[in-house]
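This report describes the architecture of one protein. The sequence and the structure are shown first, and the description follows.

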Amino acid sequence: MPIHDHDIPDVQRVDTAPPAIAVFDAYGTLFDVHSAMARLAGIVGPDAERISTLWRQRQLEYSWTRSLMGRYADFWQVTEEALDYALASFGRRDSVVRQALLDAYRKLDAYPDVREALGACRRLGLPVAVFSNATTAMLNTALTAAGLDDLVDIVYSVHALEMFKPDARAYAAAAKAFGAVPSSIAFHSSNGWDAAGAASCGWRALWINRAGLPREYPWMDVPAVSGLGQALARIEASTAVDAIRNTGQKDA
């Protein structure tokens with residue numbers, strides 16, 4: 001029986017060369033998209049968690065369908081449209097609650113492992129980039145609110161392209177903006193479809209599977225880890241391997 005990379009335990013899977021840049025998706029990867037609803041669950045009511053889940057589902061769905069239809073609208077508009085649908089689905093048409101949720105969404109909580117992971121990447125000498133479907137204004141506001149703006153070197157939004165990930169053109173444009181060949185980009189996303197899209201374009205993609213979901217997109221071999229701490233360990237391992245290799249070459 002052949003052995004595939006995804007069948008090898010994570011501790012044994014070590015990239016043979018270090019990346020040139022560490023790139024992170026934003027929503028769901030750096031920022032907890034459900035933290036806005038969590039803050040306001042008391043005023044939203046008993047359906048708060050289900051509304052938040054539906055809000056996220058429709059936000060993604062609307063971005064994909066708009067891309068496929070050629071009917072682009074920026075990610076903030078998509079976020080508003082998705083919230084309107086989610087609230088209406090549960091009989092909520094309260095403009096005060098709607099505005100409070102949107103205000104909270106601008107300043108989402110970062111996951112606990114984010115700051116250490118970004119800082120460690122920079123200490124390893126890697127530029128840190130954020131690559132997202134959100135607008136630059138959304139990203140800058142969110143990064144500042146979460147206290148992460150000092151750890152990010154590049155913010156790249158698909159907005160100027162008027163399309164959304166996982167369109168292959170978005171990954172190609174981002175790689176060009178980063179000045180990096182695809183195979184040197186260490187990409188981290190909590191969205192399986194995003195990690196698969198990046199891998200299909202030659203990026204070194206990693207699925208940050210915080211929820212322990214079943215493996216998706218089996219035609220793309222995308223390794224999964226449970227958090228950014230494990231992702232960082234992979235980068236550190238590849239960096240250490242490269243350092244050993246370079247030392248050996250100097251001694252030869």
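## Overall organisation

Among contacts in the protein with a separation of 6 or more, 67% join residues 24 or more positions apart; a contact means heavy atoms within 4.5 Å. The secondary structure comprises 10 helices and six strands. Helices (H or I, at least four residues) and strands (E, at least two) are DSSP runs numbered from the N terminus. Of the 252 residues, 46% count as buried. Buried denotes under 20% relative accessible area and exposed over 50%, with partly exposed in between (1.4 Å probe, protein chains only).

The model is predicted: local features need pLDDT of at least 70 and side-chain atom pairs count only at pLDDT 80 or more, whereas totals for chains, interfaces and linings use all residues. Residues are numbered from 1 along each chain as its sequence is written, and side-chain values use heavy atoms, with hydrogens and water left out.

Helix 5 spans residues 95-105, and its buried residues are Val97, Leu101, Leu102, Ala104 and Tyr105. Viewed down the helix axis, these buried residues fall within an arc of 160°, so they line one face of helix 5. The arc is taken from the directions from the helix axis to the C-beta atoms. The face turned away from the buried side carries the exposed residues Ser95 and Val96.

At the start of helix 5, a side-chain oxygen of aspartate 94 comes to within 2.8 Å of the backbone nitrogen of valine 96. The buried residues of helix 5 pack against helix 1 (35-39), helix 2 (41-44), helix 3 (48-69), helix 4 (75-89) and helix 7 (136-145).

Helix 3 and helix 5 pack at an angle of about 70°, their axes being 14 Å apart. Axes are lines fitted to C-alpha atoms, for helices over the stretch in contact, and angles run from 0 to 180 degrees between N-to-C directions. Helix 3 and helix 5 are therefore roughly perpendicular to each other. Angles under 35 degrees count as roughly parallel, over 145 as roughly antiparallel, 65 to 115 as roughly perpendicular and the rest as oblique. Trp55, Arg56 and Gln59 of helix 3 meet Leu101, Leu102 and Tyr105 of helix 5.

The axes of helix 4 and helix 5 come within 11 Å and cross at roughly 140°. Helix 4 and helix 5 are therefore oblique to each other. On the helix 4 side, Trp76, Thr79, Glu80, Leu83, Asp84 and Leu87 meet Arg98, Leu101, Leu102 and Tyr105 of helix 5.

## Serine 52 in helix 3

Serine 52 lies in helix 3. With a relative accessible area of 4%, serine 52 is buried. Residues up to four places away in sequence aside, serine 52 touches Val33, His34 and Met37.

Helix 6 (residues 114-123) has Val114, Ala117, Leu118, Gly119, Ala120 and Cys121 as its buried residues. Just after helix 6, glycine 125 adopts a positive phi of about 90°.

Alanine 233 is found in helix 10 (residues 228-251) and, at 41% relative accessibility, counts as partly exposed. The C-alpha atoms of alanine 233 and alanine 117 are separated by 9.4 Å, although the two residues are 116 residues apart along the chain.

Key: A polar contact is a pair of N or O atoms within 3.5 Å; within protein, one must be able to donate a hydrogen and the other to accept it, and residues adjacent in sequence count only if both atoms are side-chain atoms.
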